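Here are my notes for you to read with the model open beside them. Take them one at a time and find each residue as you go.

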Amino acid sequence: MTEEKHIDIDYTAKLARINLTDAEKEKLSEQLDSIIGYVEKLEELDTEGVEPTAHPHPVYNVWQEDEVKGELSTEEALKNAPAQRDNMIVVPKVVD
Amino acid sequence: MSKELHYKSASELSELLEKKELSAVDLMKATIARTKEVEDKVGAFNSYDEVDALAQADASDARRAAGGSFGPLDGIPVGIKDNLAVNGQPLTCSSKMLEKFVSPYDATCIEKLKSQGAVLWGRLNLDEYAMGSSTENSAFKTTSNPWNLDCIPGGSSGGSAAAAAAGQAVMTLGSDTGGSIRQPASHCGVVGLKPTYGRVSRYGLAAFASSLDQVGPLTRNVKDAALLLQAISGHDERDSTSYKVSTPNFLEAMEKQRGHKWTLGLPKEYFATAADTPAMKPVLEAIEFYRSLGCEIKEVSLPHTDYAVATYYIIATAEASSNLARYDGIRYTHRAEKFDAKDSVDIYCQSRAEGFGEEVKRRVILGTYVLSSGYYDAYYLKAQKVRTLIRRDFENAFKEVDALLTPTSPTPAFKKGEKASDPLSMYLSDIYTISANLAGIPGMSLPCGYSDGLPVGLQILGKPFKEDELLSIAHEFEMAHDFKDQHPSL
């Protein structure tokens with residue numbers, strides 16, 4: 001783990017939509033580097049031809065009628081919104 | 001009266017309620033009194049609503065008086081981990097992101113408990129978004145281990161385990177993604193059961209890693225675990241991964257299977273590393289107990305054990321980074337007041353910077369990294385393939401044995417702060433529990449003794465959908481020992 005850092009912390013934090021302070025960047029990139037170094041032990045295993053597991057007991061073709069059930073009222077749905085007006089969530093202007 | 005009540009089991013209390021020797025309101029009042037008496041020391045609750053709990057208890061008494069009791073759970077206080085939705089109650093996930101969130105609906109397991117008359121009691125502390133093994137990652141408070149207040153209760157369901165151990169609830173619900181029910185149960189000396197993936201609906205559980213998460217009971221004895229698991233199990237059309245299998249009557253199955261001579265496996269990889277630690281002594285004694293019952297004890301191999309933690313931290317963080325994308329500062333979470341308005345995404349980035357704690361940031365960023373372009377095959381796809389190998393290890397082992405016996409955790413509860421600065425060592429403390437989530441099999445932790453005055457748990461891992469067998473195996477041990485009647489002095 002003395003070699004080059006695995007993770008480009010600025011780029012990855014941006015993808016994750018999290019602003020980090022410089023101190024956080026330094027600490028996280030060091031910790032994540034050691035964690036990534038650890039998880040790379042999976043490279044030791046030959047997984048040629050092994051099917052990946054997405055779910056331990058996969059269920060296929062789960063269908064149901066497309067019908068509205070147990071819906072929330074507008075008031076209930078907006079109860080936790082950080083800002084709201086006229087039954088809508090208020091957000092900052094993003095286009096001029 | 002309350003002194004006697006707060007450590008009684010759900011089945012005992014149920015009988016008292018049924019015979020009308022106790023009212024649900026008096027039971028709830030005793031539970032509230034006990035909670036307040038020890039909460040300064042234990043710190044298990046993020047919040048509780050006395051008025052609401054007493055109203056639920058009152059309704060239970062009214063039903064019973066009218067001859068319409070909803071069954072054995074009617075009037076029994078059940079504590080709820082603060083990542084399960086209860087309509088009209090806070091749902092914080094111990095995160096600043098959801099500090100003010102009030103749930104507008106019930107999780108399926110909560111709906112089921114309500115329909116059976118259980119009194120939903122309090123919001124129990126956890127590691128933020130269930131990410132952690134000590135409950136130290138809560139944004140709001142530190143929960144203490146009732147057996148030694150300087151120690152962590154385990155995590156992430158630390159509040160659920162501590163409250164059950166301290167008599168602040170008759171039983172509690174937790175969630176388990178990599179050991180988050182079993183590890184705190186072992187540290188707090190209670191029974192904790194992670195059901196088979198798909199046994200219990202995840203609808204209304206704040207998602208951490210959707211292919212690993214399961215809701216399950218933490219209780220002071222095995223029969224109560226069976227009772228609570230019974231209450232929350234079953235297929236749910238609102239969770240497409242929940243399984244269409246019938247739920248057996250667990251208590252009946254336990255009765256039928258009494259005295260059965262099980263074939264029990266010891267995974268040699270689990271014992272190789274742990275053989276001579278002091279915490280192993282009670283586990284080895286428990287194994288000898290099963291041998292003395294006439295059970296066959298066999299060594300088995302799970303060859304990919306050493307890769308489980310690495311596999312888990314790729315899959316769990318990848319799924320977390322995707323699941324936690326919903327906490328965006330726009331619709332129902334904390335929103336930053338100051339952000340760069342010229343940058344259209346800065347409101348997300350700043351809200352998440354303020355709302356998430358350190359461990360959550362670490363895992364979301366790691367998950368984002370392993371899924372990002374150019375790394376997906378090397379990490380995520382590789383981990384999913386190794387997950388298949390780990391699953392096959394268990395399938396092979398279960399051709400030879402009915403269940404596996406292991407320690408639940410490599411050590412008893414550690415001191416607060418001890419591992420906080422070293423995430424990797426914290427991750428490695430889940431080494432015995434993580435594989436069950438990857439393989440989707442049920443697992444439980446059962447109190448089996450002490451090391452330096454701290455409880456030690458025996459883990460029993462079983463075949464998919466064979467929780468009845470786990471409960472039966474655990475019950476044999478419990479009946480021959482008195483750990484369920486030993487409580488911390490608070």
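Predicted model: local features only at pLDDT ≥ 70, side-chain atom pairs only at ≥ 80, totals over all residues.

1. **A helix and what follows it.** Start with helix α5 of chain B, residues 108-115. Just after α5(B) comes B:G117, with a positive phi of about 85 degrees. Which residues of α5(B) are buried? They are B:T108, B:C109, B:I110 and B:L113. These buried residues pack against four strands of chain B, namely β2 (77-81), β3 (119-124), β4 (171-176) and β6 (214-219), and also against helix α8 (222-232).

2. **The core.** B:L113 turns up again in the largest nonpolar core, which has 165 residues. B:L113 is among the residues with the most contacts inside that core, and so are B:Y129, B:L173, B:Y290, B:I365, B:F394 and B:I460. Helix α12 of chain B (residues 308-323) gives the most to this core, with 10 residues. Now click on B:Y290: leaving out neighbours within four places in sequence, its contacts include B:L264, B:L405, B:L458, B:I460 and B:F477.

3. **The sheet.** Chain B has an open sheet of 11 strands with mixed pairing. The edge strands are β1 (45-47) and β8 (296-300), each of which pairs on one side only. From one strand to the next, the twist averages 35 degrees.

4. **Strands β5 and β6.** Strand β5 of chain B (residues 191-194) pairs with β6(B) in the antiparallel sense, over 2 bridges. Look for B:V191, which stands opposite B:T219 in β6(B).

5. **Helices on the sheet.** Helix α6 of chain B (residues 158-165) lies across β1, β2, β3, β4 and β6, running at about 155 degrees to β4(B). Helix α11 of chain B (residues 280-292) packs on the sheet as well, touching β7 (263-267), β8, β9 (403-407), β10 (443-451) and β11 (454-462). The direction of α11(B) makes about 50 degrees with that of β11(B).

6. **A covered strand.** How many residues of β7(B) are buried? The count is 5 of its 5 residues. B:T263, B:G265 and B:P267 are buried on one side, and B:L264 and B:L266 on the other. β7(B) pairs with β8(B) in the parallel sense over 5 bridges, and B:T263 has B:E296 as its bridge partner there. With β9(B) the pairing is parallel too, over 2 bridges, and B:L264 is partnered by B:A403.

7. **Backbone spots to check.** The peptide bond from B:G155 to B:S156 is cis, with omega near 10 degrees. B:S156 sits in the loop between β3 and α6 of chain B. B:A130 is in the loop between β3 and α6 of chain B, and has a positive phi near 70 degrees although it is not glycine. Is B:A130 buried or exposed? Its relative accessibility is 5%, so B:A130 counts as buried. B:K20 is another non-glycine residue with a positive phi, near 60 degrees, but B:K20 is exposed, with a relative accessible area of 56%.

8. **Where the chains meet.** The contact takes 69 residues from chain B and 54 from chain A. Together the chains bury about 5,400 Å² between them, 65% of it on carbon and sulfur atoms. There are 5 salt bridges between chain B and chain A. In one salt bridge, A:K14 meets B:D343 at 3.3 Å, N to O. B:K361 and A:E24 also form a salt bridge, at 2.9 Å, crossing from helix α14 of chain B to helix α2 of chain A. B:K361 is buried at 6% relative accessibility, while A:E24 is partly exposed at 24%.

9. **A salt bridge inside chain B.** B:D82 and B:R123 meet in a salt bridge at 2.9 Å, N to O. B:D82 lies in the loop between β2 and α5 and B:R123 in strand β3, so the pair ties together parts that are 41 residues apart in sequence. Both ends are buried: B:D82 has a relative accessible area of 0%, and B:R123 is at 3%.

Methods:
Residues numbered from 1 in each chain as written. Chains lettered and ligands numbered in written order. Heavy atoms only, no water. Buried < 20%, exposed > 50% of the residue type's maximum accessible area, 1.4 Å probe, protein only. Contact = heavy atoms within 4.5 Å. Core = buried A, V, L, I, M, F, W, Y, C linked by side-chain atoms within 4.5 Å. Pairing = 2+ DSSP bridges. Axes fitted to C-alpha atoms, helices over the stretch in contact; angles between N-to-C directions. Buried area = accessible area lost by both parts, 1.4 Å probe. Salt bridge = Lys/Arg side-chain N within 4 Å of Asp/Glu carboxyl O.
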